Amino acid sequence: MVIPSLVLLMFVLAFNTPLRSAPATPRVHDPRVELSLFASEPDIVTPIGMAIDSRDRIFVIESHTHTPPRNYPGPKSDRIKVFRDSNRADPNSSLQKPVIFAEGLKDAMNLAFSPEGTLYVVCAESVWALEDRDHDDISDSRRSILEFKPPRAYSHSALLGITFGPDGWLYVSRGNNGSATYSIHGADSPSLTGYGDGGNIIRCRPDGSNLEEFATGFWNPFEIIFDLFGWLLCVDNDPDARAQIVSCTPARRALKDSSLGADVGGIEKVSKLPTHSSEKTSRSPFLKRISLPWSASTPSSLLHSAPGPKTIQTN
């Protein structure tokens, strides 16, 4: 079964109290897309980050360390699991049991593959490159790429998102750290330092060298990704409890710009998403922020979104 590139990663959460009803089944409002269950507990618990490699393997962060409740019975560290098909050439093949690719992580946030196929994971205080040299779907080595200091008071006030740009550089986002002084260290000097400057997006070479600030003026830029035109899209969770989508100068233009860390051509707000309590539809057709309660026993799942049987004709 060949896995389409469009996959939605979602929590299905339940709150263990008779005063609240179970969450409604997610609905797809685009008739060109159909939604199906891809994986659920016990195969996956609290998935928060995902990446797909060139072999259609799905790598998912299984979070266990992000503000767990007291006496949490789960593992003491975060894990990265791999989901594979038994036969990629057969559309009716079954999904194999997931394999633990890596564990021993704390406050893991997101994943990204380098152009060479190495998996990178961003944690609140570090970025690691995880390698599988013997190709057995289990990481056999890890390299430290970036380190955030000092220890933060809250996970979202440190490193958050990760992606690779069309220029081959590694891009990482950092959340607002209040007035506290921070520093980010790479493979060489100098390190990046600051305080009271909100959130920003930094970049470096894949080995952690040439670390520099790419864009600033954010709050909690949790998700970053490049589109096909070279624009860096960022989902920023700002202080008024709303989410917004912003875009930064294309990386290809930034390579010629000596003013990195200033405006870098400016930041354009693309879409403002509704608050978590709003039922209004966002101006973005694919993104909506949903806030649901979490507990140690809430079920989790991965939802698979694929092009549906319907066809839409446009004039």
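1. **Basis.** The model is predicted: local features need pLDDT of at least 70, side-chain atom pairs count only at pLDDT 80 or more, and totals for chains, interfaces and linings use all residues. Residues are numbered from 1 along each chain as its sequence is written, and side-chain values use heavy atoms, with hydrogens and water left out.

2. An open sheet is built from 6 strands in the order 6-7-8-9-12-13, with antiparallel pairing. Strands here are DSSP runs of E, at least two residues, numbered from the N terminus. Two strands pair if DSSP finds at least two bridges between them. Strand 6 (108-113) and strand 13 (192-194) are at the edges. Each has a single partner strand, so one side of each lacks a neighbour in the sheet. Neighbouring strands are turned by 20° against each other on average, direction ignored. The axes are lines fitted to C-alpha atoms, and angles run from 0 to 180 degrees between N-to-C directions.

3. Strand 7 (residues 119-123) pairs with strand 8 (residues 126-131) in the antiparallel sense, over 5 bridges.

4. Another open sheet has 4 strands in the order 10-11-14-15, and its pairing is antiparallel. Strand 10 (159-164) and strand 15 (212-218) hold the edges. Each has a single partner strand, so one side of each is left without a neighbour in the sheet. Strand 11 (residues 170-174) and strand 14 pair over 5 bridges in the antiparallel sense. V172 has I202 of strand 14 as its bridge partner.

5. **A buried arginine.** R203 sits in strand 14 (residues 199-204). Is R203 buried or exposed? R203 counts as buried because its relative accessibility is 3%. The cut-offs are under 20% relative accessible area for buried and over 50% for exposed, with partly exposed in between (1.4 Å probe, protein chains only). The R203 side chain has a polar contact of 2.9 Å with the side chain of D167. A polar contact of 2.7 Å joins it to the side chain of E212. Such a contact is a pair of N or O atoms within 3.5 Å; within protein, one must be able to donate a hydrogen and the other to accept it, and residues adjacent in sequence count only if both atoms are side-chain atoms.

6. **The loop between strand 1 and strand 2.** P42 is in the loop between strand 1 (33-40) and strand 2 (47-52). A cis peptide bond joins E41 and P42, with omega about 5°. T46 is also found in the loop between strand 1 and strand 2. T46 is not a glycine, yet has a positive phi of about 40°. At 4% relative accessibility, T46 is buried.

7. **The loop between strand 8 and strand 9.** D137 lies in the loop between strand 8 and strand 9 (141-149). D137 is not a glycine, but its phi is positive, about 65°. D137 counts as buried, at 6% relative accessibility.
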